[in-house]
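Here are my notes on the model you sent over.

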Amino acid sequence: MTSTHQECPPYYESHTPSSGIRPARARFESDAAELDLNGTWRFRLLPRADAPTGGFEDPEFDDSKWHTLPVPAHWQLHGHGRPAYTNISYPFPIDPPHVPDDNPTGDYRRVFDLPGDWPQGPAVLRFEGVDSCFAVWLNGTRLGHSTGSRLPTEFDVAALLRLRGNTLAVRVHQFSAASYLEDQDMWWLSGIFRDVRLLSRPTAGIDDFFVHAGYDHTTGTGTLRVDTDAEARITVAELGLVEAPANTTHEVGPVDPWSAEVPRLYHGVLATTAERVPVRVGFRTVDVSGGTLRVNGRPLTLRGVNRHEWHPDHGRALDHATMREDALLMKRHNINAVRTSHYPPHPDFLDLCDEYGLWVIDECDLETHGFEQVGWRGNPSDDARWGEAMLQRMRRMVERDKNHPSVILWSLGNESGTGQNLRTMAEWTRQRDPGRPIHYEGDPDSPYVDVYSRMYTPHGEVDAIGRHAEPTTADPANDAHRRSLPFVLCEYAHAMGTGPGGLADYRDLFESHDRCQGGFVWEWIDHGIRRREPDGTEWFAYGGDFGEELHDGNFVADGLLFPDREPSPGLVELAKIHEPVRIKPHPESGTVRVTNTRDFADTSGLTFHWSLTREGTVAVEGHLDVDVLPPGGTTEVELPRLPETPETGGETWLDVRAVLDRECPWAPEGHEVAWGQALAGGAPLLRPVPAGADPARGEGVLTLGPATFDPDSGALRTISGIAVTPPRLDLWRAPTDNDHARHGVSVAAEWRRIGLDRLTERHIATTVDDDALVVRTRVAAAASDLGTLVTYTWSGDADRLLLTLDTEPDGTWPCPLPRLGVHLGLPPELGTVEWFGRGPGEAYPDIRRAARVGRHTRTVDELQTPYLRPQENGNRTDTRWACFRAADGTGLRVEGHPVFDFSARRWSTHALDRAQHPHELTPEERIHLHLDLAHNGIGSASCGPGVLPRYRLHAAPHRLRLAFAPLR
Ligand code: IPT
């Protein structure tokens with residue numbers, strides 16, 4: 001037997017990106033006929049790409065035994081094969097352009113009739129996205145093949161169409177040569193995952209067009225030019241433009257410009273005798289001038305997020321409602337920009353950005369990150385054989401999306417190293433669309449881009465860049481070019497698990513340097529896949545949950561939204577950081593300072609309310625008249641005369657809120673966009689530190705005020721009959737993803753090394769004197785000589801108990817402490833917490849701006865934040881007092897002297913640390929209550945800088961004072 005060697009590579013292992021496809025063009029709707037081919041298709045999954053087709057492309061083929069599969073969809077999310085997650089690693093050997101023999105291949109079939117009134121003439125079959133490589137047959141004839149998963153592909157089909165019984169057959173390979181260009185940090189998911197349509201293309205219709213709508217900010221006038229090969233005329237009635245010729249620049253006089261803040265669109269029609277295309281025109285001019293990125297002459301502040309397309313049930317096959325929800329959620333959280341990481345989104349999303357107003361960096365479907373793991377050897381970006389594939393990707397994105405006013409920057413792709421092919425992409429783009437600057441982060445020399453872009457840059461370095469003082473590179477010419485560019489953080493503040501900390505500090509840098517024009521938080525949404533236990537319990541899977549051999553665990557869960565689009569505390573914080581107006585009440589002078597932080601919009605549409613609360617209850621409130629402020633404007637507004645604050649009525653806070661005064665396209669009337677608060681006087685309702693009770697020894701028990709103790713160990717047993725497990729020093733927390741720091745310095749590893757997760761307590765002495773019980777211990781871990789000397793001093797009066805906890809480090813600690821406080825156990829019925837302090841959400845030293853001082857109520861279960869991988873969460877800070885109550889209202893009140901942090905959960909820190917998913921956590925027969933002096937900050941070291949020095953909790957002598965009182 002002779003072996004055959006395949007000389008000519010199959011199309012799915014070829015550098016050639018496609019065959020038989022039409023040239024790229026703009027995506028638009030028109031009055032020409034079209035047929036939606038989404039819906040239920042026939043489907044079978046084969047294990048290899050070279051599996052014989054068995055004639056499935058033949059219209060006579062019998063597919064009645066096949067499965068059905070919806071289009072659009074990923075087959076792995078419908079029971080065929082399994083999802084797999086890797087970040088940087090290719091899930092196959094790096095052997096370009098080859099892919100493994102085991103290459104899941106999906107065959108799709110669909111039979112369709114044309115509507116009776118389907119017009120004669122050209123017709124185009126359009127796929128908006130197929131992952132990763134596919135070949136198409138219509139009525140048995142092969143049309144060609146294509147790659148570029150998140151890019152459209154069109155085939156001419158008129159010659160093959162018939163009125164009835166058209167058979168469309170599509171073969172899709174999971175892996176192909178193109179997979180080397182699609183190494184984005186996301187699930188590997190395959191199939192026809194975006195829309196499929198048949199489009200009639202009238203002979204004298206409009207194949208393509210390019211709207212250029214410029215705005216001259218010095219005169220306030222616009223120009224409009226529509227380039228097209230068609231004999232077309234443009235009408236924008238509102239501008240007095242009626243059937244004006246295409247390919248001519250029209251001076252349209254004064255216009256309202258488009259911006260993300262005021263997304264003014266003019267509706268028009270581009271028409272030939274055969275076709276009418278509705279167009280939406282937004283007048284804006286983007287440039288880089290004087291070292292800043294400007295739109296309509298004004299420098300921008302990008303308050304952005306990186307958005308992958310994600311739905312917990314449908315993966316990257318998003319429906320329109322989900323896309324809209326994303327846009328609305330962004331607007332409602334004061335986000336003004338999106339980087340479409342790392343591929344062009346479903347085109348409808350860009351329509352929504354035009355409509356609601358979001359600045360967009362449209363990013364090409366390109367990432368070759370896995371080559372970094374082999375020292376960038378063989379990276380396609382610098383290999384001429386990949387030149388056409390890479391350029392075609394750029395061309396298909398730019399042509400598809402060029403008519404969106406929201407798109408202000410083109411991005412060449414993500415993490416693809418350096419090389420000539422990237423330069424060629426940039427050069428082609430600049431020539432095709434001189435109206436948009438070019439972004440690419442991956443080339444530190446930045447020679448062919450228009451903005452200097454970096455990711456996860458620590459605060460200190462951002463500050464240096466802001467001062468044009470970044471370190472030099474080998475090439476002075478590149479340095480000079482780069483220093484002339486505006487700076488953008490295309491990724492920062494990695495929103496994985498608890499956090500990200502340090503957002504406010506980044507914002508301060510953006511505001512203090514003209515060169516720093518903001519950035520894009522990584523990332524918008526956790527890519528968790530919804531799963532259900534037999535009992536119906538839902539949870540979200542991440543890498544490794546489908547048995548992948550190679551995976552990156554929960555690194556795919558690093559979003560500001562949970563997979564079900566519930567905002568995480570990180571998003572709530574971001575909304576606060578990015579408030580479009582900043583409000584600073586000054587109760588002492590009876591004024592409020594209001595600053596409009598927007599770049600384009602004034603403050604009309606906002607209305608201001610003030611309220612004075614005492615101990616969290618509104619005492620008086622009213623409306624505040626604030627003049628309309630221009631962008632960047634500030635005013636000092638007089639408050640109405642506030643009533644005197646009685647010294648004893650509780651702590652008094654002045655809150656001022658800015659809300660929408662009417663419904664707007666993205667939020668209802670009354671939606672809060674900003675707030676500020678300040679202490680106006682009074683003192684919290686805390687009784688003075690109790691004293692006076694004498695400890696009394698009884699039989700096997702020591703009594704002090706409302707409490708009983710073990711007379712030997714001095715361990716607390718009960719408070720007013722409520723059995724507790726005694727408070728003990730606790731220094732450990734279940735490490736967050738940021739503590740673990742996969743891509744940074746792991747403080748969690750250090751905590752474990754010194755044994756903070758296995759502390760033991762050695763009793764030193766219990767002394768009882770006139771009015772106090774004093775217990776001294778040394779807390780330390782096996783195999784370590786580091787320790788903490790602890791003194792618990794208990795005192796009280798008839799119905800209150802005071803704990804003064806003094807700690808002193810014994811030895812030299814190599815790292816910050818996770819937390820410092822006590823852990824105690826409460827009866828499980830005390831499941832409702834009311835507290836006065838910051839809330840309602842969780843807060844830590846470097847992520848606490850969104851937490852307001854007030855009176856809040858949550859159940860213990862509601863205090864938990866369900867990060868996809870369980871970890872420290874749910875801390876409440878600056879607490880003056882907290883009441884833990886049973887259903888009948890009885891319970892325990894804890895007071896801070898002056899304040900404390902608390903968290904309460906139905907499982908231990910160890911259980912929290914061990915669990916891989918929230919649903920694995922099972923309630924215990926007690927509530928674990930943590931009362932802390934402080935926590936270490938959170939930082940963003942899961943990918944980026946750690947906790948800034950000012951937010952670290954150091955081992956040092958510390959004192960925490962808490963009072964306990966029964967609630968009857
Ligand atoms: C960087 C990637 O660009 C992005 O896609 C994502 O993976 C992110 O970080 C982390 O979630 S790569 C990083 C290791 C610098």
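1. In this predicted model, a side-chain N or O atom of Asp 558 sits 2.9 Å from an oxygen atom of the ligand. Asn 414 has a side-chain N or O atom that is likewise 2.9 Å from a ligand oxygen atom. For Asp 185, the distance from a polar side-chain atom to an oxygen atom of the ligand is 2.5 Å.

2. How much of the ligand's exposed area does the protein bury? On its own the ligand exposes 380 Å², and 91% of that is buried by the protein.

3. Now for the residues that surround the ligand. There are 15 of them, and those that come nearest are Asp 185, His 342, Glu 491, His 494 and Asp 558. Sorted by class, the shell consists of 6 polar, 5 nonpolar and 4 charged residues.

4. Stepping back to the whole chain, the assignment gives domain 1 (11-200), domain 2 (209-287), domain 3 (296-575), domain 4 (579-681) and domain 5 (696-967). Between the C-alpha centres of domain 1 and domain 4 there are 55 Å.

5. Next, a sheet of 4 strands. The sheet is open, its strands follow the order E18-E17-E20-E21, and the pairing is antiparallel. From one strand to the next, the twist averages 25 degrees.

6. Strand E17 (residues 233-236) and strand E20 (residues 266-271) are joined by 3 bridges in the antiparallel sense. Here Arg 233 stands opposite Ala 271 of E20.

7. A further open sheet has 3 strands, ordered E15-E16-E19, again with antiparallel pairing. Strand E15 (209-216) and strand E19 (250-254) are at its edges with a single partner strand each, so each has one side that lacks a neighbour in the sheet. The average twist from one strand to the next is 20 degrees in this case.

8. Last, the pairing of strand E16 (residues 221-228) with E19: the two run antiparallel and 4 bridges join them.

Notes
Residues are numbered from 1 along each chain as its sequence is written. This is a predicted model: local features need pLDDT of at least 70, side-chain atom pairs count only at pLDDT 80 or more; totals for chains, interfaces and linings use all residues. Side-chain values use heavy atoms; hydrogens and water are left out. A residue is near a molecule or strand if one of its heavy atoms lies within 4 Å of it. A polar contact is a pair of N or O atoms within 3.5 Å; within protein, one must be able to donate a hydrogen and the other to accept it, and residues adjacent in sequence count only if both atoms are side-chain atoms. Accessible areas come from the Shrake-Rupley method with a 1.4 Å probe; for residues, only the protein chains shown count as cover. Ala, Val, Leu, Ile, Met, Phe, Trp, Tyr, Cys and Pro count as nonpolar, Asp, Glu, Lys and Arg as charged, and the others, Gly among them, as polar. Domain bounds come from an automatic or database domain assignment. Two strands pair if DSSP finds at least two bridges between them. Axes are lines fitted to C-alpha atoms, for helices over the stretch in contact, and angles run from 0 to 180 degrees between N-to-C directions.
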